[in-house]
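Hi there,

Here is the structure I promised to pass on to you. My notes follow below it.

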Amino acid sequence: SGLSQEAGSVEQLSLHCAEGSLEWLYPMGALRLRLAPRLPPTTAAVKDRSPHHITACVKPSGTFRGAQLYLEKEGVLELLLPEVPRPRVRCFSWLPREKVALFLQATPHRDISRHIAAFRYELRGDWLARPALPAASLTREGVCRPCNDTEILMAICTSDFVIRGSIQSISNDAELQESVIGVSATRIHRQKFPLFQVGGQPGWPAGNIRTPLRCGVKLGPGTFLFTGWLHFGEAWLSCAPRYRDFQRIYEGARRTRQNPCEFPVD
């Protein structure tokens with residue numbers, strides 16, 4: 001609100017929050033959104049080590065119209081979201097010392113009354129602690145692979161959700177390049193938001209977990225321990241060992257006192 005609405009105007013704003021949304025009604029002119037998240041100290045440079053990257057992701061609304069979104073890094077513009085973009089998440093990274101901004105430029109239209117340029121964003125500091133794109137057993141290089149024992153033990157301690165359950169269905173979305181895993185939960189160990197609610201089998205919570213289509217997740221029997229992160233309000237898979245394998249890994253770490261946190265095993 002409060003923009004000049006002049007065709008050639010550029011309004012300057014700063015985004016300090018770690019995540020949020022922007023809705024620009026009837027776009028005219030341009031918005032320059034400086035990315036200045038309040039980051040924890042872990043993102044600063046460590047002695048004798050390179051500083052960690054900061055990562056941001058943007059997701060357009062289904063009604064994104066009337067503008068194009070650019071990434072401005074060190075004075076160079078790169079198109080992130082064209083007008084009427086596909087509903088995909090775009091992510092990018094930069095070093096703490098680099099100057100970056102989002103440049104939202106209105107596209108000329110005779111009638112702007114029905115145009116709304118809206119998107120959600122997430123800013124993360126020490127993204128090296130989790131995959132740049134939360135996904136099923138992704139390495140930081142983006143290659144799908146099973147989690148090793150150490151990654152599984154860390155996942156149960158740090159993930160946004162830890163769910164014990166079974167796979168009920170798998171559906172693939174070719175446009176979004178995502179697979180959606182339908183999970184019936186027998187026990188909810190942790191969830192930051194009510195992702196899994198009563199449904200499916202009588203009295204058992206159910207929910208969906210996403211993973212990139214390229215990981216080729218398949219329907220399989222048995223009980224799994226699903227862990228992962230919230231990404232734009234949706235659950236994304238990190239590690240999902242079979243529960244009996246997790247029990248073996250955890251008990252071995254507990255005997256040698258190498259388990260990073262306490263976890264109920266039965």
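First, a term: I call it a polar contact when a pair of N or O atoms lies within 3.5 Å; within protein, one must be able to donate a hydrogen and the other to accept it, and residues adjacent in sequence count only if both atoms are side-chain atoms. The side chains of Ser166 and Gln168 make such a contact, at 2.9 Å.

Some ground rules: this is a predicted model, with local features needing pLDDT of at least 70 and side-chain atom pairs counting only at pLDDT 80 or more, while totals for chains, interfaces and linings use all residues. Residues are numbered from 1 along each chain as its sequence is written, and side-chain values use heavy atoms, with hydrogens and water left out.

Ser166 lies in strand β10 (residues 161–173); helices (H or I, at least four residues) and strands (E, at least two) are DSSP runs, numbered from the N terminus. Ser166 counts as buried because its relative accessibility is 16%, where buried means under 20% relative accessible area, exposed over 50% and partly exposed in between (1.4 Å probe, protein chains only). Leaving out residues up to four places away in sequence, Ser166 touches Gly182, Val183, Ser184, Gly222 and Phe226 (contact means heavy atoms within 4.5 Å).

Now the aromatic side. Rings of Phe, Tyr and Trp (its six-membered ring) pair if their centres lie within 6.5 Å; planes under 30 degrees apart are stacked, over 60 edge-to-face and the rest tilted. The count comes to 6 aromatic pairs. One of them is Phe246 with Phe263, edge-to-face at 5.2 Å centre to centre and 85 degrees between the planes. The pair links distant parts of the chain, 17 residues apart: Phe246 is in helix α2 (residues 243–255) and Phe263 in the segment after α2. Both Phe246 and Phe263 are buried. Together with Tyr243 and Tyr250, they form one aromatic cluster. The charged end of Arg164 sits over the ring of Tyr243, 4.1 Å from its centre (the rule: NZ of Lys or CZ of Arg within 6 Å of the ring centre and within 35 degrees of the ring normal).

Finally, confidence. pLDDT is the predictor's confidence in each residue, from 0 to 100. The protein chain has a mean of 80, and 81% of its residues reach 70 or more. Over residues 42–51 pLDDT stays under 50, and likewise over residues 126–143. Where pLDDT is low, the predicted coordinates should not be read in detail.

Best wishes
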